[in-house]
Amino acid sequence: MKRVLAVLIVLAGFTAVAAAQDLAGTATPINADHFSIQDIQIALYGIDAPEPDQGGCFAGRRSFGCYDNALRQLQILTSTGPLECMDTGETDVLGTPYMICTAGVEDVGEAMVLAGVAFAFRQQTDKYVEAEEAAKAGRMGLWQPGLRYDMPWDWRVMMGRAIGP
């Protein structure tokens with residue numbers, strides 16, 4: 001009986017990933033670059049945001065709250081109404097589908113990068129590089145002078161985790 005239950009749980013997990021395709025609906029943030037719609041977890045394609053346990057983000061000697069600021073921005077963006085998400089056909093190391101999502105006409109990944117709370121993840125795509133350059137030029141969010149932090153992918157390597165967001 002336990003074996004049958006375990007198989008059903010595994011199959012249910014695969015079904016959630018396989019069912020991802022394109023989605024629309026109300027999003028619930030999980031962390032600063034992942035959320036769920038209709039109980040399906042989604043990773044935002046092409047961006048990388050600070051990790052919840054990353055720490056080490058300082059303005060002078062004070063903690064800046066890099067993750068908290070990124071999560072709050074995602075909460076704001078996902079609260080504006082239903083999102084429409086297009087499956088890219090790629091998944092992260094846990095099988096979570098990478099999607100490009102919009103709130104109205106606004107690309108959520110691009111908005112996160114433009115606000116300076118997430119980075120263009122160049123190892124995946126150059127889609128948001130221009131947005132990151134604009135955020136740098138405007139000294140937005142993490143690009144403000146005097147902030148110190150590790151890039152999320154560098155931090156994950158230091159922690160022995162997978163590089164991708």
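The legends below describe close-up views of a predicted model.

View 1. Ser-36 lies in strand β3, which spans residues 34-37. With a relative accessible area of 19%, Ser-36 counts as buried, because the cut-off for that class is under 20%. When neighbours within four places in sequence are set aside, the residues in contact with Ser-36 are Thr-26, Ala-27, Thr-28, Ile-30 and Gln-41.

**View 2. The hairpin of β3 and β4.** Strands β3 and β4 run antiparallel and are joined by four bridges, and Phe-35 has Ile-42 in β4 as its bridge partner. Two residues stand between the strands of this hairpin, in which Gln-38 adopts a positive phi near 50 degrees.

**View 3. Strand β4 beside strand β9.** Strand β4, made up of residues 40-44, is mostly covered, since four of its five residues are buried. Besides its antiparallel pairing with β3, β4 is joined by two bridges to strand β9 (residues 97-103), and here the two strands run parallel. Ala-43 has Tyr-98 in β9 as its bridge partner.

**View 4. The open sheet of β7, β6 and β12.** Three strands form an open sheet in the order β7-β6-β12, with antiparallel pairing. Strands β7 (62-63) and β12 (147-148) are at the edges, and each has a single partner strand, so one side of each lacks a neighbour in the sheet. Strand β6, residues 58-59, pairs with β12 in the antiparallel sense over two bridges, and the bridge partner of Ala-59 in β12 is Leu-147.

Notes: Residues numbered from 1 in each chain as written. Predicted model: local features only at pLDDT ≥ 70, side-chain atom pairs only at ≥ 80, totals over all residues. Heavy atoms only, no water. Buried < 20%, exposed > 50% of the residue type's maximum accessible area, 1.4 Å probe, protein only. Contact = heavy atoms within 4.5 Å. Pairing = 2+ DSSP bridges.
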